[in-house]
Structures are given as C-alpha cells and as structure tokens.
Amino acid sequence: ADGWVAAGYARGGQPGWAALGLGLLAAASLATQACSWLWLRSDPPGLRPDVRPWLLAALHLLQLGFLFRCLHALKVGWKVCWAKAEDEDKQTHMAFLSHDISMLRLFETFLENTPQLTLLLYVILQTNKAEPFQGLGVCTAFLCVTWSLLDYHQSLRSFLQDKYELSLGSSIIYYLWNLFLICPRILAVALFALLWPYGVAVHFPLVWLAMFLWVSLQGTDFMESPGPEQLYRAMVAVILYFSWFNVSPGRTLHRSIIYHSFILVDSALLALSWLWFQFPSEESSYLILLVSVALPCYLLGLVLRVVYYKWLHPNMRAQQDGVYDEVDADGRSDELQFRSFSAPDLVNRRMQWLARTQFPVFCPAGHRVLNGAAAG
C-alpha cells in the first residue's frame with residue numbers, strides 16, 4: 001500500500017509527496033531495526049536465536065531483522081503448540097518473543113503509518129478528491145494504527161499465568177476508543193497543514209520535545225544503557241504525539257488526565273487556527289461537518305475508555321473471583337503470578353521493566369514486590 005501511494009504521487013507529478021512518504025517509511029524501518037538489534041544484543045545468550053551474530057547484523061542492515069523475528073517466533077510457537085508435555089520455559093519464551101514483535105510493530109506503525117495517514121488526509125483535503133490508492137492507504141493506516149495498540153495491550157497479558165484475557169467485547173471497545181481518540185488528532189494536524197504546510201515542521205518538533213521531556217522526567221529504564229534509552233524515549237514521544245502510551249509504574253489517572261487535556265487543547269487550537277485563517281469554500285464545506293464531529297468523537301473515545309476500565313477490563317472479572325492484577329497500571333494488584341524462566345540466567349531486563357511498570361504486586365504491608373522473573 002505504501003509503495004502504491006508513493007508511485008501514485010510520482011505518476012501524478014508530485015515527487016515531493018512521494019519522497020516524503022518513502023522517507024517516512026525508511027525512517028520507521030531504520031528505527032525499528034535499530035531497536036530490534038539492540039534488544040537482541042542485550043538478551044541473555046539462552047534467549048537469543050541460534051544464528052551467528054554477523055548474520056543477525058547483516059539481516060538488520062538489510063532491514064530484514066523484524067521479518068527474521070517473526071519467522072523465529074513461528075518456529076518456537078510451532079514447537080510449543082505440538083509439544084506433548086507443557087514446557088513452561090518454552091511458553092514463557094514464546095510470550096517474550098511475541099511481545100517483542102508486538103512492541104516493534106507498535107513503534108513501526110506510529111513512526112510510519114500515522115505520519116503517512118496525516119499526509120494522505122492533507123493531500124485529499126487539499127485536492128478535494130480521493131484516488132483509489134489513497135483510499136486504500138487511509139484504510140490500511142487506520143487499521144494498522146488501532147490494531148497495533150490492541151495487539152500490544154493483549155500481548156502484555158501473555159506475561160501473566162492464569163490470566164484473564166480480553167474478551168471479544170473488551171477488545172472491540174478497546175479498539176474503538178483508540179480509534180475515536182486518534183482520528184480527531186490526525187484530522188486536526190492535517191487541517192493545520194492545509195493552513196500552513198511548513199507549520200507542521202515546527203509544531204511536531206515542539207510537541208515531540210515536550211513529550212520527550214515528559215517521558216524522561218518519568219524515569220524510564222527500559223533499555224540496557226543510557227544511549228539506547230534515549231532512542232526508546234524518542235520513539236515513545238512520537239507515539240504520544242498521536243496517542244496515549246504508559247511508560248512508568250503507578251496509577252495512570254492523573255497522568256492520563258494531563259495528557260488528554262494537553263492533546264485536546266492542542267488539537268482544538270490547530271483546528272480553530274484553520275477555521276479562523278482559512279475558512280473553507282463552498283466546494284470544501286464538508287470540512288465544517290468534519291470539524292464539528294471531531295470533538296464529540298474525541299469525547300466519545302474518552303467515554304469508551306472509562307467504560308472499558310470500569311466494566312470491561314479483565315481486572316473486573318479477576319476481582320469478582322478474588323484475584324487482582326494490573327495492566328496499564330490502573331489499580332491495585334495482589335497475588336500476581338508472572339511468567340518466569342526456571343533458569344535465573346535467563347532473566348531479561350526488559351521483562352523486569354515491563355513487570356515493574358505494568359504488573360506491580362502489592363504485599364499485605366503495602367510494599368511492592370515482584371514475582372517470577374521480576375524478582376531477579
């Protein structure tokens with residue numbers, strides 16, 4: 001779809017848009033491959049693929065590292081599915097591999113699809129027409145963005161033993177509230193680009209810098225060294241430009257309120273600037289309807305999020321059964337069983353950080369402890 005869009009721009013005499021689309025694709029791929037390679041280097045030897053290091057490096061240089069991860073996960077998953085006896089280490093290894101893939105997909109999606117989706121909407125709104133390749137690009141981009149968030153959320157729960165997984169209804173609501181929150185944000189940025197195309201080149205770095213500082217102040221410790229940690233924070237800041245993403249332990253209510261208030265005000269200012277300085281003509285009067293629907297859409301997304309965490313989150317079923325866990329750090333957690341490897345040398349720092357951030361456990365005295373791998 002990305003290649004089709006870029007080729008369509010080139011054939012239409014718009015090489016700049018084609019180059020920008022391909023540039024976003026290349027930047028997202030480079031950042032994702034860099035993260036994948038850094039993670040493989042920091043993994044314990046027992047968790048690394050049985051492949052020579054130089055070959056792994058070559059695959060990542062050729063932008064095939066993510067594909068290799070998927071194939072390796074399929075190989076391990078096949079062994080887990082057809083094993084005659086349950087092997088907890090293999091199941092834990094599979095959960096570990098699948099979450100890395102899910103997280104890399106999330107990074108690639110927000111570095112590639114959300115900017116390309118904004119570019120597509122800008123082009124469509126500017127020309128007042130949509131070509132077939134543009135329609136396909138918009139549909140696939142929205143699908144990738146919202147699905148990557150749902151897939152990441154589901155993969156987090158694979159670290160839990162005897163977990164309460166997302167039901168179909170919970171998954172649908174989770175998908176919808178992310179969709180309803182992201183759509184108005186992307187529309188506001190696209191409208192601001194109509195008013196001042198180069199203004200986005202000013203707006204994005206400023207907001208990205210604010211998000212980067214906010215993530216840094218929360219003290220993340222995801223990567224194995226300070227340098228790669230800055231790369232992780234930079235990629236998370238791109239996600240936060242478009243959507244909420246939790247990066248630190250503790251209750252997220254106050255941080256979420258601050259974030260959504262900031263994004264709502266920022267998006268409103270972008271849309272109002274377009275309305276004030278470039279009121280749409282009769283040919284593009286439909287944009288008034290889109291803008292008027294954007295705010296209710298965002299508020300509906302917030303309502304669906306509240307509904308999800310109050311009634312549809314797996315925690316609710318766990319509480320009914322007397323078991324508590326925490327995903328997205330929204331509430332109290334007790335007696336959590338975290339997947340762990342039997343060999344202590346297989347403990348991974350990323351696993352520890354995820355356990356500490358997403359699955360904290362509270363002992364009766366109120367002190368936090370970590371079970372399983374996080375206890376290392």
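Which residue forms a salt bridge with D100, and how far apart are the closest N and O atoms?

Reply: This is a predicted model, in which local features need pLDDT of at least 70, side-chain atom pairs count only at pLDDT 80 or more, and totals for chains, interfaces and linings use all residues. Residues are numbered from 1 along each chain as its sequence is written, and side-chain values use heavy atoms, with hydrogens and water left out.

The partner of D100 is R69, and their closest N and O atoms are 3.5 Å apart. A salt bridge here is a side-chain nitrogen of Lys or Arg within 4 Å of a carboxyl oxygen of Asp or Glu. The pair links distant parts of the chain, with D100 in helix α5 (residues 88-127) and R69 in helix α4 (residues 65-82), 31 residues apart. Helices are DSSP runs of H or I, at least four residues, numbered from the N terminus. Both D100 and R69 are buried, where buried means under 20% relative accessible area, exposed over 50% and partly exposed in between (1.4 Å probe, protein chains only).

The structure holds 4 salt bridges. Another of them joins D151 to R105, with the closest N and O atoms 2.7 Å apart. This pair also links distant parts of the chain: D151 lies in helix α6 (residues 132-156) and R105 in helix α5, 46 residues apart. D151 is buried at 18% relative accessible area, while R105 is partly exposed at 28%.

R233 pairs with E229 in a further salt bridge, the closest N and O atoms being 3.9 Å apart. These two are separated by about one helical turn because they are 4 residues apart in helix α9 (residues 226-242). R233 is buried at 12%, and E229 is buried at 4%.
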